[in-house]
Every structure is written in structure tokens, then in C-alpha cells.
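Morning, everyone. Please have a look at the model.

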Amino acid sequence: RGRDGARGRPACGPRMRRYLPKGARGACYPGGVLVAFWVLAAASLALAVLQLVVALRLRTSLRPSGTRPAKGHGARPPVSVLVPLKGAPAGLEFRLRRLLANLDEADQLVLAMETEDDPAHAVAKALQEGHPDRDVAVVLSGPAGERMGKQHNLAAALPHARHEVLAFADDDVHVERAHLEEGAAVLQHVGVPTGQALGAAFAVPYYGAGGGPLGGDLVAAYTNHGFAPNMASLALRSPPRFIIGGFWMTTREALEAIGGLEPFTATVSDDAAIGRAFHGAGRRNVMLSAPVRLERERLDLEGGVEHVLKWLTLLRAEGLGVLLACYVTWHPLATWLLTALVAVAAPGVPDRLALLAFVVVAASRALAVFTLDGLVFGLQPVGRYLPMQLVYEALLAPALFLVAAFRREVAWRGRRYRLRPGGSIAEAG
């Protein structure tokens with residue numbers, strides 16, 4: 001079309017100028033850059049709206065942790081609660097005592113660790129000896145060797161469980177009576193279709209509010225506003241092929257149908273593998289209506305980055321497509337950042353247009369965060385982790401997901417595991 005002598009740029013012509021913003025009609029630049037800007041801007045807005053829709057949907061499907069449904073579930077059968085232990089992190093004794101207090105007299109608590117040298121053993125024995133009238137079992141599983149420590153402990157604890165209904169809880173989870181009541185009711189097909197055998201009932205995790213180093217904020221932001229709501233949304237869309245291992249319940253009969261816990265001692269992605277096994281056996285996994293609160297991580301920023309990177313590496317073990325899908329859909333602000341970089345490369349795009357896109361995307365993300373905090377998790381103060389969420393999503397997530405795409409090793413409770421596809425352990429040390 002010739003040259004624009006005044007600017008030295010390709011001339012656009014009247015037809016193309018018609019589609020440019022008013023402030024950009026005096027400048028012409030390659031059409032591909034312009035198209036890329038508008039596509040990315042539209043994508044970031046659409047993804048932000050998607051996350052808001054996810055939050056609003058969960059508002060009608062989940063209720064804050066610890067609250068009871070309007071209609072009670074009635075009496076429940078006795079439950080054996082199995083807790084794997086490694087070390088004695090701050091608050092462990094309090095959480096175990098609180099868990100025991102939330103159990104009925106007929107329930108059983110089974111605490112499992114590898115050896116007596118583990119600091120968790122002294123805490124567990126003190127709880128057992130301090131409540132001689134309660135059914136508390138302390139189990140030594142022995143050195144894990146090449147096995148995943150958590151499932152190694154649980155596999156050793158399982159033969160000591162006395163009841164048909166089983167619950168599994170990590171040591172940083174705050175389990176309420178309402179979780180046990182609903183889980184037992186689900187396993188008895190209360191409010192669940194009876195046409196399909198049940199596998200497991202699991203709760204979506206979230207981190208409670210609290211002060212501490214920035215690493216704890218980072219882990220909470222990733223979990224509360226990325227992982228948890230999006231996994232919950234998947235579980236609502238169709239019967240999930242996964243479970244989340246912080247707190248879940250099943251029956252002895254269902255667990256025996258997938259070979260018990262032994263087949264999962266060689267995988268770090270144990271909860272995903274267990275969920276797939278139930279699904280493969282023709283059993284339905286069900287998400288509980290009440291999320292479960294996790295103890296806030298006491299990590300500095302470097303520790304928080306490593307913690308999030310560990311979870312992203314496990315996502316990568318599920319497949320590169322899974323990792324990419326999580327990156328794109330969970331992080332609208334990261335897409336906006338790419339939009340801003342394209343805008344810099346296209347000088348005809350007004351700065352205020354890129355700024356407007358950021359304001360709309362950030363406002364939508366903030367509204368989603370407030371909805372999740374206040375109406376789904378019952379978190380106070382609302383928006384406690386919003387500043388870290390904005391920083392993580394726009395700046396840290398691109399780098400962390402890129403590293404995770406090429407990483408095959410994770411550190412977990414003092415041990416390192418090299419992973420095969422699917423999260424199984426290739427080597428432990």
C-alpha cells in the first residue's frame with residue numbers, strides 16, 4: 001500500500017483504520033501484533049470472568065467449614081480416623097487433641113509414624129496416655145525405604161483400624177464433626193444416587209487466615225484462589241476421577257475393591273491415583289459440601305516458592321496438557337501481563353487501553369477472591385491473601401509453571417523423590 005513518509009511505518013488504509021481505537025488511528029503497525037493484542041486482551045477478560053463464575057457457582061454449592069447443613073444427617077456409624085505423622089510441627093498436639101474431641105466415644109483414632117525416634121511419637125503417646133478412656137492407637141510403620149512416607153504410614157495403620165467406615169486426615173487439617181457426619185452420610189448414600197457404588201468422599205482444602213512470613217501467604221493464595229476452587233468446579237461438573245488427600249473418607253469394602261493402600265505407596269500423587277482407581281473400579285467419588293481448613297504454612301518466601309513448585313511438579317507428572325490447562329485457566333492476570341507486553345511492542349495501542357484491561361481483570365479477580373473468602377471458606381478478614389494473589393498470578397506463576405514443566409523431582413518431608421509420568425516414584429533418597 002505504499003509508505004507513510006511522515007512516520008516511516010506501513011500505511012493501514014481507511015478500512016483497517018476503522019477498527020483501531022481513536023488514539024491509535026494516526027499510527028500504523030503490523031496487523032498481526034494488533035490482532036494478538038485484542039485476542040490476548042479478550043482472553044484475559046474471559047478468563048477473569050470464568051474465575052468469577054467459578055466462585056459464584058461454589059457459593060451456591062459449598063458452605064463454610066465447620067457449619068452444619070440446615071438438615072442434619074442423623075446418627076452416623078463409628079469411624080476409624082487414620083492420621084500419618086512425620087515430625088512434630090508447631091500446633092500438632094493441639095490439632096490432635098481437637099480432632100479427638102470432635103470424635104464420638106465409639107470412634108477410633110489411629111496415629112502412624114515410622115519409628116520411635118520421630119518427634120511425632122512422643123506427641124502421639126502423650127495423647128494416648130492422657131486419654132485412657134478413648135480408643136487411640138499408635139502404630140510404628142518402620143523405615144519407608146523407597147516408598148512414599150505418607151501412604152507407607154497409612155498402609156501400616158490400616159490393619160489396626162477397627163471400623164468399616166474409614167477417614168484419612170493429614171496432620172495439618174482441622175477436621176470438624178460436620179465433616180465426619182457428612183462423609184459418613186454420603187457413604188451411606190444419603191443424598192447420593194444409589195445406582196453406582198461409592199469410592200470416596202473428600203473435602204476441598206483451604207488455608208485459614210493468620211500472620212506469618214510471606215511464604216505462607218503465597219501457598220495460601222495458590223491454594224485458596226487457584227487450586228481449590230478450580231478442582232471443586234471440576235468435581236461439580238461431573239463425578240471426579242480424583243480425590244484430594246487432605247481429608248477423605250471411604251469404606252473398608254470400597255478400599256478392598258482397589259487393593260487397599262499398598263498399590264499407592266510407590267506414588268507421590270497418591271490422592272490422584274486413589275481417585276483414578278476408584279473411578280476405574282466403577283465407583284463414584286463425591287465432594288463434600290464443607291471445605292476443610294488447613295493450618296497456615298510457616299514458610300519464608302523461598303520456602304513458599306518451593307512448596308508451590310512441589311505441587312506444580314505433581315501437576316506436571318499428570319501430563320504437560322494438565323499443567324498448561326491449569327496455568328491458562330487459573331491465572332487471568334498472567335494472560336493480561338502477556339497482553340501488556342504485546343501492547344508495548346505495538347506503539348499504536350493507547351496505554352490507557354492496556355490499563356483499562358488490567359483494571360477490569362484485577363477487579364474481577366478481586367471480586368472472585370472476596371466471594372470465595374466470605375461465602376465459601378468463611379475466611380476472615382475477607383481478601384487476606386489478595387495482595388499476594390495479584391503478585392503471584394501476574395509475576396510468579398509464569399516462572400514457576402515454566403520451571404515445573406521441566407522438573408521431575410520433588411522434596412517432601414525431608415526426602416527427595418524422582419517422578420515418573422503419573423506421579424509414581426522412580427527413585428527415593
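A search of the whole structure finds 21 salt bridges, a salt bridge being a side-chain nitrogen of Lys or Arg within 4 Å of a carboxyl oxygen of Asp or Glu. This is a predicted model: local features need pLDDT of at least 70, side-chain atom pairs count only at pLDDT 80 or more, and totals for chains, interfaces and linings use all residues. Residues are numbered from 1 along each chain as its sequence is written, and side-chain values use heavy atoms, leaving out hydrogens and water.

Take Asp104 and Arg177, whose side chains meet in a salt bridge at 2.8 Å, N to O. The two residues are 73 residues apart in the chain. Asp104 is partly exposed, at 29% relative accessible area. Here buried means under 20%, exposed over 50%, and partly exposed in between, with a 1.4 Å probe and protein chains only. Arg177 is also partly exposed, at 29%. Both belong to a network of salt bridges that links Arg76, Asp104, Asp107 and Arg177.

Next, Arg298 and Glu295: their closest N and O atoms are 3.7 Å apart. Which of the two is buried, and which exposed? Arg298 is exposed at 55%, while Glu295 is buried at 18%.

Notes: Helix = DSSP H or I, 4+ residues; strand = E, 2+ residues; numbered from the N terminus.
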